[in-house]
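Subject: Structure for you to look over

Dear colleague,

I am passing on the structure we spoke about, together with some notes on what turned up in it. Please open it alongside this message and follow the residues as they come up.

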Amino acid sequence: MKKSRLMFAASPQSRLKPPKNPGVFAAGIGVCALLLAGAVVVSQNTNTIFGPIARLFSGELKKDNPSVILSLTEQPATQRAAKLAEIASGAKSLNRSRARYLLAADLIEQKQGEQALKWLEGLDWDYSVLAPYIVLKRAQAYEAMGDKTKAEKAWQELWQRYPDQPTVPEALTALGRTKPKDWEKAIAKFPSHPSSLAMVRQWLEQDPQQPQLIFILAKYASEQPQIVEDLDRLTAQPKLKLKPEEWEAVALAYWENKQYGKASKAYIRSPKTPANAYRIARGLQLGDKKAEARTAYRALLKEFPTAKEAALSLMRLSNMYDPSEGISYLEEAIARFPDKASDALMEKAKMFDRMKLTDAAKAARQLLLKQYSSSDAAAEYRWNLARERAAAGDFQGAWQWAEEISSENPKSEIARKAAFWEGKWANRLGRKSEAKAAFEKVITNYPHSYYAWRSAVMLGWQVGDFSTVRQMNPQVVPPQEQSNLLVGSEMLKELHFLGQDRDALTVWQAEFQNRWQPTVPEQFTDGVLRVSAGDRLRGISKLETLENREPPEEQTQFQALRQQAEFWQTLYPFPFIAEVEKWSAQRHLNPLLVIALIRQESRFEPSIRSGVGATGLMQLMPSTSAWIAPKIKLSKYQLKNPSDNIQLGTWFLDHTHQTYKDNSMLAVASYNAGPGNVSKWLQEKGISDLDEFVEAIPFDETRGYVKNVFGNYWNYLRLYNPEVSQLAVKK
């Protein structure tokens, strides 16, 4: 068998050291304030982001050399057992306590409860930050031994000794307590704890007509698959009496589950705010109730004439009428909302185009460049002009318009693409130094983008081109540190530090109740913990959508985060790497390309299933899998099994590579759109320039898919390959 092509350099994994003198977290809040008034329980240290971020990244938490414990947290239990036992048998210290806890946790997982108890004895007094979880582990150890009496006694102890800790719901569940009297305090303090939500659902199964319980699910369990049915049952009750803020929670839950029409109805009963009024109208529009949506948008304009949502409403209304009538709404938006004037002016020009008023459209666009030169809309117009010039063979004109985007619109989404093509067109003109400067600018200003990879290729870096990526043999150094948590209790941070990811996520779910309007540190912490615990689809989404924060202070906070390698390493993890290495080697595929494709297809969720039936890590259709399986003599397989899925998926990726003579761009496009479509595009467009071919892919999904897969590949290479990392830093 060929050796793995993904070469991990020997380097210990570690986590950032938590603050000294950790204390036990305690929080409490009344039932009414929490459940009815929508009060927020804020995690510790959320008053500013710069305090926690400064401590995390300036070195305050790193000033001590990481303990050997840190290098053991990511190792398998059998591999680290001897070293942990050595530390656990040494002199009393924090590391000794940590080692004892990890040994006990590993032994419980192996159903060796009696041995685990030896390491847990008296540990709760030496290791106070995890005292509640030590008692919890003791109970689990007795359960592993089959000693129900002692297990029940330990659960009772946990409940009584730590009534204000998020371990209480777990103790009540283990004890089989189901009476509301037992759960009242636990649910009041920790309504978002998974065990609390499970108990709420159990009570609802016994008696569905309990609106307050359904409201708890609406507020804290909107991600659960049956939540829409719960909400339907709630809103269908004829004598239902909810406060406006409770209706808002219901509306938000509907909206999160894309039930826009139902959300619109709930927002009608919610507090009267511009945002809620906008969602009333938008929900009606998305629900194909055009006339009602128009009325709702106009009502918003009347009640909240100066709100930012009024500008959005004018833009929406402009597209709900014929162009001749819709233009009046755009003119109103231009006159009343300067920050939206550029977008409205661009839309106005497009309406003139549809009306075949060429001169009016041209005048609107000229006004856009004159009065709103730095806007995203101006960048879009400049890019359209650049493409028109290039299509006509005027590369000088195309280069000039692209260069203008770099100078006038450097923060626009289009800027990274324009800067890359600025370099490509400069090469066409024989301006090698200017081309080199443009490509270097892309890597410096937009280092995480697909176009940074294309620029690196143009600069001659050894990063693989479309035709050579498959043959690359990248060296990869695993991350040295894992992002620390910016907020949360010290117990939570310690569990995360130890790599006890499932327990850490459970504690966080109990603490994190500000789910609808999280701070930047809270959303970052939520994303990190979800990724660590294996909920990568939601976790990666939480981290990626931080970019969408609009308030300047929040955007500044996000920019501080994204400057750190730990942020990007969380976004680009290495789950299932053993399977990826194994099957990539057998198929002679670059494993970083495979993991990049998996990240795009499934965000590393083994059980995910698309609306059309594509299943698992590499999103294989059952019919495709059935066609492949006999060819590789795989008689039994499960698409949700990571190894089976990667075995089948890498065969198909190898097949698409063979179909297109190892051109990875065409192979990846074919993986998404099918070989028939790619062959058709090749016949229609040819392939004189691969970059032009990518930009001309007619399917928006496939065009974005190709860029995302290779953007993923570039980020894995940029983050973890020492040579490429050093080159990127120099730029």
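This is a predicted model: local features need pLDDT of at least 70, side-chain atom pairs count only at pLDDT 80 or more; totals for chains, interfaces and linings use all residues.

Ile134 lies in helix 8, and once its neighbours within four places in sequence are set aside, the residues in contact with Ile134 are Tyr101, Leu120, Leu123, Asp124 and Tyr127. Leu617, by contrast, stands 483 residues from Ile134 in sequence and 35 Å from it in space, taken from C-alpha to C-alpha.

Helix 8 covers residues 131-145, and because 11 of its 15 residues are buried, it is largely enclosed by the rest of the structure. Those buried residues are Ala131, Pro132, Tyr133, Ile134, Val135, Leu136, Lys137, Arg138, Ala139, Ala141 and Tyr142. Just after helix 8 comes Gly146, which takes a positive phi of about 85°.

Tyr101, which was named above as a contact of Ile134, is also touched by Gln500. Gln500 sits in the loop between helix 28 (490-497) and helix 29 (501-511), and with a relative accessible area of 12% it is buried. Leaving out residues up to four places away in sequence, Gln500 touches Arg80, Leu102, Ala105 and Leu495 as well as Tyr101.

Helix 12 (residues 194-206) can be checked for length in the same manner: its 13 residues should span 18 Å at 1.5 Å a residue, and the end C-alpha atoms are 19 Å apart, which agrees. Its buried residues are Ser195, Ser196, Leu197, Met199, Val200, Arg201, Trp203 and Leu204, and they pack against helix 10 (168-174), helix 11 (180-189), helix 13 (211-220) and helix 14 (227-235).

Two helix pairs are also worth a look. Two packed helices are described by the angle between their axes and the distance between the axes.

The axes of helix 17 (residues 274-286) and helix 18 (residues 290-303) come within 7 Å of each other and cross at roughly 165°; as angles over 145 degrees count as roughly antiparallel, that is how these two helices are described. Their crossing is left-handed. Helix 17 contributes Pro274, Ala277, Tyr278, Ile280, Ala281, Arg282, Leu284 and Gln285 to the contact, while helix 18 contributes Glu292, Ala293, Ala296, Tyr297 and Leu300. Sorted by type, the residues of this contact are 10 nonpolar, 1 polar and 2 charged.

For helix 30 (residues 520-533) and helix 31 (residues 536-544), the axes come within 7 Å and cross at roughly 150°, so helix 30 and helix 31 are again roughly antiparallel to each other. The crossing of helix 30 and helix 31 is left-handed. In this contact Gln523, Phe524, Asp526, Gly527, Val528, Arg530 and Val531 of helix 30 meet Arg536, Arg538, Gly539, Ile540, Lys542 and Leu543 of helix 31, and the residues involved divide into 5 nonpolar, 3 polar and 5 charged.

With best wishes

Terms used
Residues are numbered from 1 along each chain as its sequence is written. Side-chain values use heavy atoms; hydrogens and water are left out. Buried means under 20% relative accessible area, exposed over 50%, partly exposed in between (1.4 Å probe, protein chains only). Helices (H or I, at least four residues) and strands (E, at least two) are DSSP runs, numbered from the N terminus. Axes are lines fitted to C-alpha atoms, for helices over the stretch in contact, and angles run from 0 to 180 degrees between N-to-C directions. Angles under 35 degrees count as roughly parallel, over 145 as roughly antiparallel, 65 to 115 as roughly perpendicular and the rest as oblique. A crossing is left-handed if the near helix is turned anticlockwise from the far one by less than a right angle, and right-handed if clockwise. Contact means heavy atoms within 4.5 Å. Ala, Val, Leu, Ile, Met, Phe, Trp, Tyr, Cys and Pro count as nonpolar, Asp, Glu, Lys and Arg as charged, and the others, Gly among them, as polar. The expected span of a helix is 1.5 Å times one less than its number of residues.
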